[in-house]
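The following dialogue is meant for a reader who is meeting this structure for the first time.

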Amino acid sequence: KMYLRWVNNLLRGNLGWSQSSHMTVTEAIGRRFPATLELTLFAVIPVILGGIFLGVISAVHHNKPIDHATRVMAITLWSMPDFVLGLAVLMVGFGVLGWFPPGRLSAWAELEILKTSFRSFTGMHTIDALLNLRFDILWDALRHIFAPVFTLACLWWAFMLRITRSSMLDVLNQDYVRTARAKGLDEKTVIRKHALGNALIPVTTVASSMLLGLLGGVVIVETVFNYPGLGLLTSTAATRLDVPCVVGVALFYAVILVVVNLVVDVMYSIIDPRVRLE
């Protein structure tokens, strides 16, 4: 009888956790998405800036000590499972040092946000705290978000570095780069004006995939750090067999995929003058 009751609830999509109505799933996504977006935005900035910078440095100094060091570091980080790195960061950052606690906010900060005097503009606690001039809440939010951001940034930074390095090495071997050097241009001008722009074209495509990976691949990281975003929502829904919630999140990510690919196609015309959108 218990098994038949469970099957009946599964077919109806009502398993007692988020309820199966479309509005309920939409509200759950609406509440959790700002947290995941905040985590992604904080992670993507060091990934893109650090990955591109070190990738260019590694390619320019090909087969030199700095190139070997960055390659070993990138391969090591990219080969490491995200839950292993996350648990290590959690153990050191919170278990040993006590600096970066899990979760999104401390209990006192959550109570302050629930007060009517605190206005929520974006749903992202760091930005809202800054707009409300609550620097104590801002500091608390930064302490909580640092560990998951550091974990995601280390993993995807290694990926961005490897892609940028490969693309830059390919561009540096092109004939127009050799011609620029033969004209007597200094190496900085050749790198900045002739090589870097063309090397960033495949990096842009990879960056879009990385952004989608950050948005959709935070399930394990958010679960490790108990960070209440879409990743933790999906993990909890899957373990409780909440089919409507899992399907709703999947459809939401599909919409984001279409939008991000559209933005990347538009950016091609900005980065590469040879591309024209009609």
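**Reading the model, feature by feature**

Q: Which residues is Ala 153 in contact with, leaving aside its neighbours within four places in sequence?

A: Beyond those neighbours, Ala 153 is in contact with Ala 43, Pro 46 and Val 47. Ala 153 belongs to helix H7. In space, the C-alpha atoms of Ala 153 and Val 47 are 5.5 Å apart, although 106 residues separate them in sequence. Ala 153 has a relative accessibility of 12%, so it counts as buried.

Q: What does Met 160 touch, again leaving aside neighbours within four places in sequence?

A: Met 160 lies in helix H7, which covers residues 135-172. Its contacts are with Val 47, Gly 51, Ile 52, Val 203, Ala 207 and Met 210.

Q: How many helices and how many strands does the chain have?

A: This is a predicted model, and in it the chain has 12 helices and 0 strands. Of the 278 residues in the chain, 40% are buried. Among contacts with a separation of 6 or more, 73% join residues 24 or more positions apart. The chain exposes about 15500 Å², and carbon and sulfur atoms supply 68% of that area.

Q: What span should helix H3 have, and how far apart are its end C-alpha atoms?

A: Helix H3 has 15 residues, 65-79, and at 1.5 Å a residue it should span 21 Å. Its end C-alpha atoms are 21 Å apart, so the model agrees with the expectation.

Q: Which residues of H3 are buried, and where do they fall when seen down the axis of the helix?

A: In general, an α-helix has 3.6 residues a turn, so residues three or four places apart point the same way. In H3 the buried residues are Asp 67, Thr 70, Ala 74 and Leu 77. Seen down the axis of H3, these buried residues fall within an arc of 110°, so they line one face of the helix. On the other side of H3, Pro 65, Val 72 and Ser 79 are exposed.

Q: What is the phi of Asn 63, and where does Asn 63 lie?

A: As a rule, most residues other than glycine have a negative phi. Asn 63 is not a glycine, yet it has a positive phi of about 60°. Asn 63 sits in the loop between helix H2 (22-60) and H3. With a relative accessible area of 47%, Asn 63 is partly exposed.

Q: What is the phi of Leu 241, a residue other than glycine?

A: Leu 241 has a positive phi near 55°. The loop that holds Leu 241 lies between helix H11 (230-239) and helix H12 (243-271). At 39% relative accessibility, Leu 241 counts as partly exposed.

Q: Which residues of H11 are buried, and what does Ser 235 touch?

A: The buried residues of H11 are Leu 230, Gly 231, Leu 232, Leu 233, Thr 234 and Ala 237. Ser 235 is also found in helix H11. Not counting residues up to four places away in sequence, Ser 235 touches Val 219 and Thr 223. Ser 235 and Glu 222 are 13 residues apart in sequence, and their C-alpha atoms are 9.1 Å apart.

Q: How many disulfides does the structure hold?

A: A disulfide is a covalent bond between the sulfur atoms of two cysteines. The structure holds 0 disulfides. Cys 154 counts as buried, at 15% relative accessibility. Cys 245 is buried too, with a relative accessible area of 0%.

Note on methods: Residues numbered from 1 in each chain as written. Predicted model: local features only at pLDDT ≥ 70, side-chain atom pairs only at ≥ 80, totals over all residues. Heavy atoms only, no water. Helix = DSSP H or I, 4+ residues; strand = E, 2+ residues; numbered from the N terminus. Expected span 1.5 Å × (residues − 1). Buried < 20%, exposed > 50% of the residue type's maximum accessible area, 1.4 Å probe, protein only. Arc of directions from axis to C-beta. Contact = heavy atoms within 4.5 Å. Areas by Shrake-Rupley, 256 points an atom, 1.4 Å probe, with all protein chains shown as cover. Disulfide = S-S within 2.5 Å.
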